[in-house]
Amino acid sequence: MKRFAALIDRLIYTRSRNSKLALIVDYLRHTPDPDRGWAIAALTESLDFPAVKAGTVRTLLATRVDEELFRLSRHFVGDTAETAALLWPDGPRIKADLSVSEAVDALATASRRDAPAIVASLLDRLDADGRYALLKLALGGMRVGVSARLAKQAFAQAFDVPVDDVEELWHAIPPPYAPLFAWGEGRAERPDLKDVAFFRPFMLAHPLEDATVDLADYAAEWKWDGIRVQIVHGGGQTRIYSRGGEEISSAFPELVAAFDQDAVIDGELLVRGEVQGGEAASFNALQQRLGRKNVSKKMLTDYPAFVRVYDLLAVDGNDLRTRPWTERRRQLEVFVPRLADSHFDLSQVIDATDFDDLAARRAGARDTAIEGVMLKRRDAPYVAGRRAGLWYKWKRDPLTADCVMMYAQRGNGRRASFYSDYTFGCWSDAGELLPVGKAYSGFTDEELKWLDKFVRDNTLNRFGPVREVEKSLVLEVAFDSIHASKRHKSGLAMRFPRIARIRRDKPAEEADRIATLLAMVT
Amino acid sequence: MVKPKPWLEPHPHGLYVKPADLWIDPSRAVERAAVTHGHADHACSGHGSVFATPETLAIMALRYGVDAEASHNQAFGYGDGFERGGVRFSFHPAGHVLGSAQILMEYQGERIVITGDYKRRYDPTCAPFAVVPCDIFITEATFGLPVFRHPPTGGEIAKLIGAVRAEPERCVLVGAYALGKAQRVIAELRAAGWNAPIYIHGALEKMCALYAVHGVDLGELRLVGETDKADMAGQIVLAPPSALNDRWSRRLPDPVTAMASGWMRVRQRARQRMVELPLVISDHADWDELTTTISDVNPKESWITHGSEDGLLRWCELHQRKARALHLVGRDLEEEA
């Protein structure tokens with residue numbers, strides 16, 4: 001745990017991506033199996049110990065530390081794992097180091113009942129830095145800026161193997177990735193994926209910004225506002241992966257059942273909406289289906305999922321990824337009719353005559369499920385990640401509204417001392433300010449400092465971590481779309497709200513009315 | 001609930017000793033002030049007359065241009081003191097920075113100690129804290145939460161030297177408060193065998209010289225402004241915390257940013273400061289020092305002046321010790337802790 005704790009500490013304070021990469025490369029090269037595999041899985045949040053939760057740690061702490069002192073400390077530190085690591089008294093067996101795999105084994109076998117005792121016995125063997133590493137490993141929320149992509153790059157660099165190979169193999173092999181390390185170190189052949197429904201890294205797009213493209217070279221498709229998925233059928237299994245390579249099959253059993261062809265597709269998972277005569281519903285509807293481990297019958301009927309298919313990566317045992325888009329598209333058009341049309345349809349190519357025509361259609365698109373336009377180079381193969389010039393996304397311009405800040409809450413982690421999460425509202429016809437959304441991004445560090453000071457200087461009331469502020473500051477909020485919602489008193493919910501501008505110049509009375517926002521609901 | 005004393009009034013801007021018509025560490029200019037130490041949140045400028053240790057008066061003279069020798073100011077060594085309005089005042093080492101003192105007041109058979117800021121661990125640049133028995137102990141509580149346990153200083157200094165040696169083409173830039181912390185880090189480096197010249201920001205120069213005059217040997221110091229960039233590779237540079245991410249640091253060879261402060265114990269605090277190498281070195285008592293000191297002094301009552309009062313109050317409650325918080329303002333020089 002010492003090496004792992006030291007790695008985490010270095011990663012926390014290291015800002016540059018290359019330096020982070022170098023630290024992980026060094027760790028992977030010089031740490032034995034299975035510790036390094038568990039460590040990298042922990043860094044990329046790929047471990048889950050269902051029996052150990054933040055509540056477990058809080059309960060446990062109460063047996064060693066006064067609850068009030070824990071509460072005060074937690075409030076100051078802003079993170080449960082770090083607070084607990086600092087407060088836990090040094091144990092009698094502190095000298096005996098604990099390996100990462102010992103810790104993982106113990107945590108994995110813990111039941112909800114014996115979890116506190118198990119965590120306590122592990123904490124007793126570690127110093128403060130080790131305790132921090134252990135608790136982050138157990139609870140997740142590592143926040144050291146290591147994405148799965150960075151970890152894979154580090155692996156490729158550590159063992160001098162192609163990163164695309166690593167991406168493919170990564171999700172096919174569970175932690176602690178022993179066969180992967182054996183292959184990396186040249187001790188074994190590349191693991192065979194023939195009979196595995198393995199994940200292929202997604203091809204991603206750059207924003208188009210202000211550029212234009214020639215439609216002779218690029219095909220245009222609508223960018224749908226669902227979640228990007230890959231459906232893989234192989235080795236008698238069907239698996240659905242999200243963009244990050246996380247498996248989400250259990251949330252969409254009807255799609256798993258309906259995908260019965262030997263193929264790999266890339267598409268957008270959407271929920272069918274009633275209002276649009278069977279067309280795609282808003283993201284709001286899809287959200288009802290996300291993150292569920294068990295899906296009720298009612299869920300399946302109320303929010304029926306389907307996939308709008310964008311691309312065909314493999315079919316009948318042939319990998320198509322090296323073929324140009326035009327050829328994959330031709331095969332895709334032949335392939336999609338083999339799937340049940342109740343659950344799969346083909347993403348249409350927009351038959352715009354030229355770029356201006358496309359711009360006009362993009363501007364005129366009123367369907368809420370349309371997020372913008374995708375531009376795909378016709379001669380490009382399907383390659384992992386974002387490559388310059390191959391795919392572009394061209395989002396619709398955001399909507400904006402002038403809202404009034406109502407409440408603020410402190411952020412987490414790096415923002416623990418800043419009031420960085422803002423709830424804002426608009427005026428009802430009765431002249432009452434009703435909350436319409438919450439945003440915690442869009443501002444610069446300088447603006448954050450200013451906003452934080454505004455909150456502190458204009459606090460009216462405190463409700464635990466939340467401060468109610470003087471209703472005097474107008475925030476221009478940008479959002480992708482707005483929907484009816486029963487959750488908020490205003491009856492509205494914004495999608496992707498962010499602070500576009502601080503309107504110190506505008507009096508609060510002149511902020512927008514709820515009625516104005518209602519007119520934007522599509 | 002503990003009642004305030006009729007002869008000692010806590011005000012938001014300081015403690016007023018009524019029979020002596022004198023303030024202790026007032027945060028605004030007054031006619032007469034007794035000052036525990038030279039940090040700006042305890043020693044402000046413009047007082048009519050100041051009662052303090054000779055070192056503190058010298059520091060105030062350096063910072064505010066006050067004439068240390070002026071007849072209206074009076075210097076007292078540790079153990080010495082004066083009497084005014086029936087109150088006997090005396091100065092005792094606080095172990096915080098050069099010249100820092102606790103002030104003991106005796107009046108009508110009652111003894112009150114005000115610590116100013118203090119720490120209990122070894123510091124090569126100042127006299128160690130003395131336990132002064134008293135009835136009322138007025139303590140600081142900057143690190144009055146049990147998450148604050150400063151590790152041994154030697155380990156942090158070793159970390160600093162290790163970081164310089166690990167990347168000899170870079171330098172390590174240490175943010176350290178100009179009065180106290182900077183000189184202590186330098187003295188600790190010398191004690192650990194770091195004999196190379198140490199490079200300092202211009203804002204540290206005069207205070208380092210003052211320490212040398214008072215017998216604290218800091219070895220060879222050079223000014224960053226008078227040194228070529230390349231000569232500072234593999235070297236240690238000290239600057240006030242405000243200069244860390246300032247344009248000033250561009251004159252250094254690819255600096256690793258370090259910061260010496262008790263706040264560095266909390267990771268997210270260090271990250272907020274954009275620090276790459278946090279060094280947990282503080283001139284304030286940590287949680288164990290605060291609680292041990294209350295036990296050692298064993299007063300009838302503890303008054304807690306500034307910092308995390310709530311944490312220390314809770315500890316007193318759990319240990320059945322009488323305590324109250326005095327809400328003094330302007331006592332949070334975060335940079336200095």
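Student: Which residues of H2(A) meet Leu150(A), Ala151(A), Gln153(A), Ala154(A), Phe155(A), Gln157(A) and Ala158(A) in H10(A)?
Tutor: This is a predicted model. In it, the H10(A) side of the contact is formed by Leu150(A), Ala151(A), Gln153(A), Ala154(A), Phe155(A), Gln157(A) and Ala158(A). The H2(A) residues that meet them are Lys20(A), Leu21(A), Ile24(A), Val25(A), Leu28(A) and Arg29(A).

Student: How many residues of the contact of H2(A) with H10(A) are nonpolar?
Tutor: Two residues of this contact are polar and two are charged. The nonpolar residues number nine.

Student: Are H2(A) and H10(A) parallel, perpendicular or oblique to each other?
Tutor: The axes of H2(A) and H10(A), the latter covering residues 148-159, come within 9 Å and cross at roughly 55°. The crossing in which H2(A) passes H10(A) is right-handed. An angle of 65 to 115 degrees would count as roughly perpendicular and one under 35 degrees as roughly parallel. The two helices are therefore oblique.

Student: Which term describes the orientation of H4(A) to H8(A)?
Tutor: Helix H4 (residues 54-62) and helix H8 (residues 115-123) of chain A pack with their axes 10 Å apart, at an angle of about 70°. That angle makes the two helices roughly perpendicular.

Student: Which residues of H8(A) make the contact with H4(A), and what is the handedness of the crossing?
Tutor: H4(A) contributes Thr56(A), Val57(A), Thr59(A) and Leu60(A), while H8(A) contributes Ala115(A), Pro116(A), Val119(A) and Ala120(A). By class, six of the residues in this contact are nonpolar, two are polar and none is charged. The crossing of H4(A) and H8(A) is right-handed.

Student: Which term describes the orientation of H4(A) to H6(A)?
Tutor: H4(A) and H6(A) pack with axes 10 Å apart, at an angle of about 25°. Angles under 35 degrees fall in one class. H4(A) and H6(A) are thus roughly parallel.

Student: Is the crossing of H4(A) past H6(A) left-handed or right-handed?
Tutor: On the H4(A) side the contact is made by Ala54(A), Val57(A), Arg58(A) and Leu61(A), and on the H6(A) side by Thr80(A), Ala84(A) and Leu87(A). These residues comprise five nonpolar, one polar and one charged. The crossing is left-handed.

Student: Which helix supplies the largest share of the side of chain A that touches chain B?
Tutor: The contact takes 21 residues from chain A and 17 residues from chain B. Helix H1 (2-13), helix H5 (67-77) and helix H6 (80-87) of chain A each supply at least two residues of the chain A side. By class, that side has 10 nonpolar, six polar and five charged residues. The largest share, six residues, comes from H5(A).

Student: What is the omega of the cis peptide bond from Asp33(A) to Pro34(A)?
Tutor: Most peptide bonds are trans. Pro34(A) lies in the loop between helix H2 (17-30) and helix H3 (35-43) of chain A. The bond that joins Asp33(A) to Pro34(A) is cis, with omega near -5°.

Student: How far apart do the C-alpha centres of domain 2 and domain 3 of chain A lie?
Tutor: Chain A is divided into domain 1 (2-139), domain 2 (203-395) and domain 3 (399-518). The centres of domain 2 and domain 3 of chain A are separated by 34 Å.

Student: What radius of gyration does chain A have?
Tutor: The secondary structure of chain A comes to 19 helices and 21 strands, and its C-alpha atoms fill a box of roughly 75 × 70 × 45 Å along the principal axes. For 522 residues, a compact globule would have a radius of gyration near 24 Å. The value for chain A, which agrees, is 26 Å.

Student: What radius of gyration does chain B have?
Tutor: Chain B contains seven helices and 19 strands, and its C-alpha trace spans about 65 × 50 × 30 Å along its principal axes. A compact globule of 337 residues would have a radius of gyration near 20 Å. Chain B agrees, with 20 Å.

How values were computed:
Residues are numbered from 1 along each chain as its sequence is written. Chains are lettered from A and ligands numbered from 1 in the order in which they are written. This is a predicted model: local features need pLDDT of at least 70, side-chain atom pairs count only at pLDDT 80 or more; totals for chains, interfaces and linings use all residues. Axes are lines fitted to C-alpha atoms, for helices over the stretch in contact, and angles run from 0 to 180 degrees between N-to-C directions. Helices (H or I, at least four residues) and strands (E, at least two) are DSSP runs, numbered from the N terminus. Angles under 35 degrees count as roughly parallel, over 145 as roughly antiparallel, 65 to 115 as roughly perpendicular and the rest as oblique. A crossing is left-handed if the near helix is turned anticlockwise from the far one by less than a right angle, and right-handed if clockwise. Two residues are in contact if their C-beta atoms, placed from the backbone, lie within 7 Å. Ala, Val, Leu, Ile, Met, Phe, Trp, Tyr, Cys and Pro count as nonpolar, Asp, Glu, Lys and Arg as charged, and the others, Gly among them, as polar. Domain bounds come from an automatic or database domain assignment. The radius of gyration is taken over C-alpha atoms; the globule rule is 2.2 Å times the number of residues to the power 0.38.
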